Amino acid sequence: MKHFIPFIVAGDPSEEVTIDLAIALEQAGATILELGVPYSDPLADGPIIQRAASRALKQGMTLTTALELIGRMRKKGVKIPIIVFTYYNPVLQLGEERFFALAQQNGANGVLIPDLPFEESEHMRMLGDAYDIPYISLVAPTSHERIAMIASQAKSFLYCVSSLGVTGIRDSLPTQLHEFLQQVKRYSRVPVVVGFGISNAQQVEQLQHVCDGIVIGSAIVQKIEQLQDELINIDTRQRALIAFSQYVAALIEPLKKVENNESETTITTTKTVPTGQTD
């Protein structure tokens with residue numbers, strides 16, 4: 001089964017809508033949700049996610065509120081794993097142990113901190129182990145000899161950054177991406193997923209056979225931005241959520257085709273094995 005990992009920003013365009021979007025994404029086939037915590041200096045984020053973070057910050061979203069929002073999602077029925085995507089400074093201000101305690105208390109399933117280098121993350125990884133909340137590692141095309149080291153410590157899944165620079169919608173994927181993903185998979189003991197720049201069904205189709213999952217952020221956040229007025233308005237919210245779900249379903253259609261083909265293969269294989277015999 002291929003993982004579909006959508007990224008949304010906590011509090012964009014409001015807390016209640018974020019919960020509704022999480023529910024819609026799970027129903028659309030998300031296997032893991034990446035919940036971004038808005039931050040005033042998002043080094044890894046492109047303009048689309050920066051605007052979403054700005055909208056959420058104006059609504060009063062904080063790291064603590066974002067973690068509590070996960071708890072509210074759980075109460076509303078969201079069951080898939082939720083990964084907290086945050087920068088290190090808010091964690092440091094809150095307190096590292098306090099952060100993990102709140103994450104555990106509210107039902108988070110992982111932590112990803114893009115501006116904390118692997119070599120400086122040992123304490124966070126140890127706290128993650130103590131609180132049973134995996135610290136998710138990232139590898140980039142420039143990681144080179146560090147890939148084996150990072151992969152050896154990876155928990156839950158290994159996040160491959162498809163290209164250098166910030167997040168955003170890209171018309172094409174790097175030509176060396178397949179080779180990079182194959183290199184990472186040689187070292188990784190956990191699923192290998194890829195993100196940054198994946199923004200349409202054609203790109204999903206190109207990557208589905210060389211990784212274990214796809215992270216899609218900017219394209220989804222942009223759709224939320226386009227629908228924000230309808231999403232905020234309670235009278236039009238349901239219609240906007242349907243439009244959002246249809247957009248996401250079309251985006252990940254290639255993953256659904258792979259899943260259906262795998263299911264059909266399993267059924268066919270089962271039927272062709274005579275009773276009382278094994279392969």
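This is a predicted model: local features need pLDDT of at least 70, side-chain atom pairs count only at pLDDT 80 or more; totals for chains, interfaces and linings use all residues.
I took buried to mean under 20% relative accessible area, exposed over 50%, and partly exposed in between, with a 1.4 Å probe and protein chains only. Residues are numbered from 1 along each chain as its sequence is written, and side-chain values use heavy atoms, without hydrogens and water.

**Annotated residues.** I looked up the "active site" annotation in the unreviewed UniProt entry, which covers Glu 34 and Asp 45; such annotations may be inferred rather than shown by experiment. Of these residues, I found Asp 45 in the lining of the second largest cavity (a set of points on a 1 Å grid over the protein atoms alone where a 1.4 Å probe fits but cannot get out; lining residues have an atom within 4 Å of a point).

**Glu 34.** I located Glu 34 in strand S2, residues 33-36 (strands are DSSP runs of E, at least two residues; helices are runs of H or I, at least four). I recorded Glu 34 as buried because its relative accessibility is 2%. Beyond four places in sequence, its contacts (heavy atoms within 4.5 Å) include Phe 7, Phe 85 and Tyr 159.

**Asp 45.** I placed Asp 45 in the loop between S2 and helix H2 (47-58). Its relative accessible area is 5%, so I recorded Asp 45 as buried.

**Core.** I noted 96 residues in the largest nonpolar core (buried Ala, Val, Leu, Ile, Met, Phe, Trp, Tyr and Cys joined through side-chain atoms within 4.5 Å). Helix H1 (residues 15-28) gives the largest share of this core, 7 residues. Leu 207 and Ile 216 have the most contacts inside the core.

How values were computed: On a 1 Å grid over the protein atoms alone, a cavity is a set of points where a 1.4 Å probe fits but cannot get out, and a pocket is an open set with protein on both sides within 12 Å along at least five of seven lines; lining residues have an atom within 4 Å of a point.
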